[in-house]
Amino acid sequence: MLLSAEQASRGEVRVYRGATVADGGDRFVADVAVEGSRIVGIRRPEDADALVLPHGAVEIDATGLLLVPGAISVSGRSSETRGADAHIESARHGITTEVMPVPLSTWSDGSSSNAVVNVAPLVSYDELRGLAGVLAGSSAASSQVAEMRLLLGEALDAGAFGLAGGIEPASVDEAAPVDEAAPVDEAAPVDEAAIEALCRVLAERGGCWVAQLDDAVALTDAAAHAAQAIAERTGCRILLLPAPHGDETAAVPPWEPATLFGFDRDDAPRGVVREGARADLVLLQPDAASETWPTVVEVLVAGVPVIEAGEPTDARPGRLLRRPPAPHRASVPLVDHEIDPDAPAHILLAESTVVAEPGLEGIGRILQERLGTTGEPAGESVGTGRIRLRIDSALPAEGFRITVTADVVDIAGGTPEGVFRGAMTFRQLCDPEHPVGTRVPAGVWTGAPALGWRGVMLDVARHFRPIADLRRLIDLLADHHLNVLHLHLTDDQGWRFEVPSMPRLTEIGAVRSATQLGHGPDATVELGRHEGFYTIEELRQLDAYAAERFITLVPEVELPGHVQAALAAYPELGNLDVSEPATEPWPSFGLNRRTLAPTDEALAFGFAAIDALCDAFASPWIGIGGDEVSVDEWAASPAAQQRMRELGLASAREVQPWFTRAFVAHVRARGRTALAWDEVLEGDVPDGVRLLAWRGPVAMREALRRGIPVIACPDLESYLDYPQADDTDEPIRVGPPLPIEKTYTLHVPDGAEGGQANVWTEHLPTRDRVDFAMFPRLSALAERLWQGGTPPPFDGFAARLPVQLRRLRAAGVQYRPLDGPLPPQRRLGVPGKPMSVAQREAIVAGLVASLLPGSPGE
């Protein structure tokens, strides 16, 4: 495994050689590599794939030393009461994350930590009492409890991990005014009404109650029992801590609070030593003769040494951590919800049944599979744990409403499609990894899409994807409420579907002997057979599978350009008087000048391909390509020139519109609508065409001006093969950087039919590479296409994104981590052709210049 040279040059690569790794009950010797804030490699002596260090990497001889996860401490006392050096002392003891009360005013406004170690904020019960005006020594009045609940809910929504305190006499709040007349009940150290009300808020939002016993509390056992009883009644998670002594914090085994507070479910989990985990690590010198804590040699927080050779450094890498929202508040796309934390929650049981109205049984089966429940569908008399699917014609066609009570989950939709969207949303409300056992709070969730076309184009011509991969992708699109999968089935590099009257299209056109590796002047062509095609029956079955999930498969055949694979099978369809016959699909990528000749035979070929697609797919739309068509061969070919004169075409630029009119007419004759790329705007666009506007706002405005139905897929926001950062660790950078924040800015203008992402696969040869390119950016685009309108701030989506990554991970998606690709996801040494956004904008501006008012083309 070759580690990152770029990160090594910044001093962000460290390798511990020969460390004894102690992770929970496991203990083994290994080399452990850290890049940036993550553990990226763990290699045992017997592993063949050794770590390869670039120049600048820091190498540590850890022979005989223990490498363990950083400890996670939990305290009911804030750092303000523990002194300024408390975090340094914590690091000296191997603590890398402290869960503790943090005053709301210092973090809820979005400020971040600048500490030695990480801080996971809790909300202080005493602070809530003070803010609500509760007098010391008094129980909170109902209005004050309501105010405390509101403040706690806002703090949890802002990222607090829970509530601290609540088991001590109210009089310990020395800053609050004292009600001298109020008696203090020494035997009841818990204001049960207030705490229970707050615990219901915690239970609903997924927070934890950290109840730290106080030396001043009488009847400690009674207090503990009272707290446990409240937790059981409300479903709130609780951590009871003993009374602190001096500056002690409760440093417990890291995997316990990691699980309790959800650190183990992060994209980069804490509390473990494994590849992909956060590099919060402690290097220890074991002392067999001593029963005390081993000597701390080195401590990393997010990969940065805060203790070296036993002494603190000046580094302050600690972050103020934010707890992601509970899954039922973190749907993607986001839907409206009203939740009642006081009503009993619905517990999803393994034996929960799904009861579907007639015609919705297939949706019920899919939902049951996604939930992992085993209950048999039953009649209307069955009660507890039932999930109902039904039509409510008062709802929008694709809209839904989910109503959750303790006994029933009622999923209603305006149509079966709306019911399906509601069913997939309910799956999102459940635990991403283990839906059975989820406590879904009582409430109502409602949603309806703003746009009708919410799609993805996948190029299976450059690199073929088997049917199983397409089924999996359909399921992922359904999870995101996307409803179109546009399949780019042919191109210069491969022909991927059967045409019964033209068998050589798959015998020859579906097989190439070599493939370009990389892009730009340093790219190479590597020998290696790449092949694959779909039979008509396979496509029909795939189409039915997608239809069950309310996704329309839109097939596309490229005409009259991007046709070398077809010309390799039937050379006579090309311009043979100016070009040598093609013998196989093109092994290279880029713009290919080969086109169909303007002949009746070429038209017949196109008609046959269109007919085959109409026979295989039920889609109302059939793609006919039309992008990046060169006129060079037509301009140079005497035969083409003669044909142009016969057809009354004045120039080579009129040949493509001639083809377009013929293919559109044939599609319409089959009762379908043609789908074409926006290059066809260069000529007259016949009726019965829907356009894909990929060349930015100029092409979109022109299509809208002409009244042509149009789909937004601007490359700078929706081309998911573009690199996700301007960084050399990104694999095969071709095009400008397109980070997830930029994809979330997609705006589909009024009048457009919708939008889609485009995934070109020249440099995506495997399913994992497609996953890496698509996710999680597709999650951002899916939300924009569902919501429509002006993009909101990214922050709200970003807060929910960690939960969405859990869903993707549970589905086996090999997505790109937010902080950059892991070593196996890079393609080091494979050249790309990166460019800036400004460079790409200039290129696109040149492509659409003829569409601008006053241009010669206009």
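This is a predicted model: local features need pLDDT of at least 70, side-chain atom pairs count only at pLDDT 80 or more; totals for chains, interfaces and linings use all residues.

1. Helix H17 comprises 15 residues, 655-669, and its end C-alpha atoms are 21 Å apart. This agrees with expectation, because 1.5 Å a residue gives a span of 21 Å. Gly 671, with a positive phi near 80 degrees, follows the helix.

2. H17 is mostly covered, with eleven of its 15 residues buried. Among them are Trp 658, Phe 659, Phe 663 and His 666. The elements covering these buried residues include helices H14 (600-616), H15 (632-636) and H16 (638-647), together with strands E32 (621-625), E33 (673-677) and E34 (689-693).

3. Ring pairs join Trp 658, Phe 659 and Phe 663 with Phe 607 and Trp 634 in a cluster.

4. The structure holds 20 aromatic pairs. One of them is the tilted pair of Tyr 719 and Tyr 722, 5.6 Å centre to centre with 50 degrees between the planes. Tyr 719 counts as buried because its relative accessibility is 6%, and Tyr 722 is likewise buried, at 8%.

5. Phe 794 and Phe 797 also form a tilted pair, with 5.8 Å between centres and 50 degrees between planes. Both residues are buried. They are three residues apart in helix H23 (residues 794-810), so about one helical turn separates them.

Terms used: Residues are numbered from 1 along each chain as its sequence is written. Side-chain values use heavy atoms; hydrogens and water are left out. Helices (H or I, at least four residues) and strands (E, at least two) are DSSP runs, numbered from the N terminus. The expected span of a helix is 1.5 Å times one less than its number of residues. Buried means under 20% relative accessible area, exposed over 50%, partly exposed in between (1.4 Å probe, protein chains only). Contact means heavy atoms within 4.5 Å. Rings of Phe, Tyr and Trp (its six-membered ring) pair if their centres lie within 6.5 Å; planes under 30 degrees apart count as stacked, over 60 as edge-to-face and the rest as tilted.
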